[in-house]
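Trainee: Please pick one part of this model and go through it closely. I would like the cut-offs behind each term along the way.

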Amino acid sequence: MAFKLLPFSCILFLASSILPVLSHIQGPHLRANTLSGNERNPSPFGFLKAIQGCRKGDTVKGIRDLKLYLAHFGYLHYQKNPNDRDLKEDHFDEELEAAVKSYQVYYHLNATGTLDGPTVSQMAMPRCGYHDIETHEHTHNSLHIVSRYQLFQGRPRWASGQLTYAYGPTFPARFIPPVDRAFGKWATASSGYFRFSRTTSYQGANLKVSFQRVDHRDGSPFNGSGGVLAHAFTPRDGRLHFDADERWAIGAVPNTFDIETLALHEIGHLIGLDHSQFESAIMWGSFAPGVTKGLTSDDIQGIRDLYGF
Ligand SMILES: [Zn+2]
Ligand SMILES: [Zn+2]
């Protein structure tokens with residue numbers, strides 16, 4: 001079963017099993033589907049506007065994109081075959097209603113099962129590319145139990161807290177200090193268990209931090225400005241990618257994203273944390289522009305649980 005391969009890397013899993021879904025969500029097809037032709041800079045999640053208010057029984061163009069969105073982020077799984085016809089139809093069926101409810105529970109919204117305004121607003125928020133739900137095999141009840149940090153299935157982790165990191169050749173120099181700070185904050189939060197040292201050997205580093213755009217050959221293409229901001233792989237892969245098409249800044253600057261905040265989040269994935277259900281936690285999966293966030297006790301407890309320091 002492909003889902004059992006997840007601990008190694010979510011992104012490799014996606015590449016091997018639902019790549020068509022992924023490329024649809026993040027790729028040009030989806031952008032071509034956005035609504036307003038005269039919008040100069042349409043959001044990659046723009047399909048949501050046309051289907052706001054949809055509920056079970058409806059058939060509206062764009063529901064297929066909602067299915068692909070929810071499948072990508074771990075909420076939707078058709079029992080028989082994830083690539084089967086159901087996923088490709090613009091019909092709001094029972095499985096989709098259950099997936100919308102799961103999403104609503106995860107994001108602390110009213111679990112109406114309809115695509116209401118608050119749900120569309122949350123879904124349209126820029127976010128990390130990593131999925132929220134580790135496996136499609138969760139029952140809906142289990143979502144109520146998980147209410148804090150999460151570790152990846154199989155608890156993959158590094159053998160040692162002494163890790164090297166390096167920046168890719170096109171990484172903007174001005175963003176190196178804030179990302180260095182993010183590594184430093186995780187080291188401090190781990191009471192010195194983690195010691196991250198920067199190396200000039202990109203290929204030889206444990207953790208490889210780079211700017212990438214659109215399809216960068218890891219099976220998880222970025223989608224231009226908005227939508228997915230960054231992603232990282234689970235231990236012990238070590239890759240962290242920022243979407244070069246985003247408007248990045250240092251600190252809380254309106255209409256931009258703070259690179260240090262996203263670095264803190266993605267480093268959390270690199271060392272073994274999944275998304276948290278605490279909105280204040282750095283491991284919460286979505287991000288508002290113009291704000292900064294830091295590590296919380298939830299994040300630190302998660303990493304302490306995993307490494308036992
Ligand atoms: Zn994430
Ligand atoms: Zn990538």
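Mentor: Start with one residue pair: His231 stands opposite His241, which lies in strand E5. The model is predicted, and local features need pLDDT of at least 70, side-chain atom pairs count only at pLDDT 80 or more, while totals for chains, interfaces and linings use all residues. Residues are numbered from 1 along each chain as its sequence is written, and chains are lettered from A and ligands numbered from 1 in the order in which they are written.

E5 covers residues 239-243 and pairs with E4 in the antiparallel sense over three bridges. Strands (E, at least two residues) and helices (H or I, at least four) are DSSP runs numbered from the N terminus, and two strands pair if DSSP finds at least two bridges between them. E4 and E5 belong to an open sheet of five strands with mixed pairing, in the order E2-E1-E3-E5-E4. E2 and E4 (230-232) are its edge strands, each pairing on one side only. On average, neighbouring strands of the sheet are turned by 20 degrees against each other, direction ignored.

Two helices that pack on this sheet follow. H9 touches E1, E2 and E3, and its direction makes about 155 degrees with that of E2. H10 touches E3, E4 and E5, at about 25 degrees to the direction of E4. These angles run from 0 to 180 degrees between N-to-C directions, with axes as lines fitted to C-alpha atoms, for helices over the stretch in contact.

Now H9 itself. H9 (residues 176-189) has 14 residues and reaches 20 Å from its first C-alpha to its last, close to the 20 Å expected at 1.5 Å a residue; the expected span is 1.5 Å times one less than the number of residues. Its buried residues are Pro178, Val179, Ala182, Phe183, Trp186 and Ala189. Seen down the axis of H9, they fall within an arc of 150 degrees, so they line one face of the helix; the arc is that of the directions from the helix axis to the C-beta atoms. Pro177, Gly184 and Thr188, on the other side, are exposed. Buried means that 20 or more other C-beta atoms lie within 10 Å of a residue's own, exposed 12 or fewer, and partly exposed in between, with C-beta atoms placed from the backbone.

The cover over the buried residues of H9 includes E1 (162-167), E2 (195-198), E3 (207-212), H10 (259-270) and H11 (297-307). Contact here requires C-beta atoms, placed from the backbone, within 7 Å. Just after H9, Ser191 takes a positive phi of about 55 degrees.
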